[in-house]
Amino acid sequence: MHLGPLYRTALRLTGNDADAQDLVQETVLRAFRFFDSFEPGTNCRAWLFRILMNTFVNEYRKRVRGPQQVDLDETTMGTLESRADQAIVSLPATPEEVVSAGMLDGDLKEGLRALPPEFRAAVLLCDVEEFSYKEIAEMTQVPVGTVMSRIHRGRRALREFLLRRRRAKPVRALSAGA
Amino acid sequence: MDCREIQEQITAFVDRELPLEESARLSEHLHACPSCRSTEERERDLKRLVRSRCADVALPYGFAERVRASLPGDDAARPAAAVLPEQRTGRSSRIAGGGAPRVFSGWLAAAAIGFLAIAGTLVWSRSGVEPVLAEALVDEHARFAKGLDLGIRESDPKSAAAWLSAAAGSPVPVPDLRPKGGRMVGAQMCRLLTQGHGAVLYEVEGQPVTLFIPPSGMIEQGADGIGREGWKPVRVKGRNAVSWKDARGGVCWAVSDLPHERMREIVTVAAADR
């Protein structure tokens, strides 16, 4: 089954278990209903992820979007990126160094949650699910160049988030390493 | 290529989305530019970090069963067999325990993992490729295929052989694959297990192919299973690999995404080279 990969992606997209289960269940039901649109011989996993992304964008986000959930637009991403550039120049640590300095799993997950959903999805589909840019472009219905831009900018913003976290917790990190 | 242009391409480079030639150009720049190389390493580290921290997520208890139960009953076999085909990887195997009583599910999961580990070892021992060697072959191939870390860019096998032999301190023959439609891209010395090998990158039908050739006098490694036909096809980490003994008796390896039969043709040429 492809439930495992669908669920872990849904979990990162929605941010909680209950919504992730709903999203995957809806995805599977749709896959069942629209099974005739699946072309035998093509990539079944990519097809299922395309349904997942469609369901997430068209149904789930409309339904659950509340006042506390604010989408970061391109301008906000620009600001994040510019801060990321400054952070990278002032603190040229690699993410692995961040980990060795005591970063918690929660920091990375929080950093991912802080990304706009489109950017988070692109990074996860590429890095965790190992889909190609072309496959991600088809799933999310944007040009390949947009996929590349989202991955590039998403990673930069994530890196900036982790570096800020490291700077905020230097004493804890040092004591953890002692 | 200037640094600004490079910065924009590093993401695609790390994700193996650049065409081979562009990748090779970018790799050359990275060798010469510590600043861009540092950016590339950061990008690669972050990618690895995201994967390592996000890939291992267990399905909630009983979720798979609930999903199955929610599907319309009349055609229940259809989604089970086609829409959601069984995936035979270890990670999703934990789904199988969904219907078991909770008290046994942990035990069953441990037993399943144990079984998979034993099965994995059997597969490796049958293929004759040690996991560490397989890892090294595929990782080195992936790096060279991106044009990364090539010590020399050279299309002439004789020049590459001279360069590798000087680096290894012992002769390293470099096959000429042009008669089989292979174009040499470059070469580098690399380490497989404990021994240095000449690694030569070719492009065959648009696909990167890496040949790993031991210097003369090297102890054989991975020779088990090379039968009378003189070559051994295996799958290593999702890629095709073949090993063979060349005219000196040295055990060589090739890794690519080409079909095994096509690789066999390449091996036939390479095996005859001295």
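**Reading the labels**

Q: Before the labels, what kind of model is this?
A: It's a predicted model.

Q: What burial class do Y7(A) and F63(B) get?
A: Y7(A) is buried, and F63(B) is buried as well.

Q: How many aromatic pairs turn up over all chains?
A: A search of the whole structure comes back with two.

Q: Why is the pair of Y7(A) and F63(B) called tilted?
A: The ring centres sit 5.9 Å apart, and the limit for pairing is 6.5 Å. The planes of Y7(A) and F63(B) meet at 50°. Stacked would need under 30 degrees and edge-to-face over 60, so the pair goes down as tilted.

Q: Where do the two partners, Y7(A) and F63(B), lie?
A: This pair crosses between chains: Y7(A) is in helix 1 (residues 3-14) of chain A, and F63(B) is in helix 4 (residues 63-70) of chain B.

Q: And what makes F49(A) and F131(A) an edge-to-face pair?
A: Their ring centres are 5.0 Å apart with the planes at 65°. Since edge-to-face starts over 60 degrees, the label follows from that angle.

Q: Which parts of chain A does the pair of F49(A) and F131(A) link?
A: Distant ones, 82 residues apart. F49(A) belongs to helix 3 (residues 44-64), while F131(A) is in the loop between helix 7 (117-127) and helix 8 (133-140). Both F49(A) and F131(A) are buried.

Q: How do you know which class R150(A) falls into, buried or exposed?
A: Its relative accessible area is 16%. Buried means under 20%, so R150(A) counts as buried. R150(A) lies in helix 9 (residues 144-168) of chain A. Leaving aside residues up to four places away in sequence, R150(A) touches E118(A), F119(A), A122(A), V123(A) and V142(A).

Q: Why is Q141(A) called exposed?
A: The cut-off is over 50%, and Q141(A) comes in at 51% relative accessibility, so exposed it is. Q141(A) sits in the loop between helix 8 and helix 9 of chain A.

Q: What makes the phi of Q141(A) worth a remark?
A: Phi is positive there, about 55°, although Q141(A) isn't a glycine. Most residues other than glycine have a negative phi.

Q: Then why is R16(B) called partly exposed?
A: R16(B) has a relative accessible area of 48%. Buried is under 20% and exposed is over 50%, so 48% puts R16(B) in between. R16(B) is in the loop between helix 1 (3-14) and helix 2 (20-32) of chain B, and its phi is positive too, near 55°.

Definitions and conventions. Residues are numbered from 1 along each chain as its sequence is written. Chains are lettered from A and ligands numbered from 1 in the order in which they are written. This is a predicted model: local features need pLDDT of at least 70, side-chain atom pairs count only at pLDDT 80 or more; totals for chains, interfaces and linings use all residues. Side-chain values use heavy atoms; hydrogens and water are left out. Rings of Phe, Tyr and Trp (its six-membered ring) pair if their centres lie within 6.5 Å; planes under 30 degrees apart count as stacked, over 60 as edge-to-face and the rest as tilted. Helices (H or I, at least four residues) and strands (E, at least two) are DSSP runs, numbered from the N terminus. Buried means under 20% relative accessible area, exposed over 50%, partly exposed in between (1.4 Å probe, protein chains only). Contact means heavy atoms within 4.5 Å.
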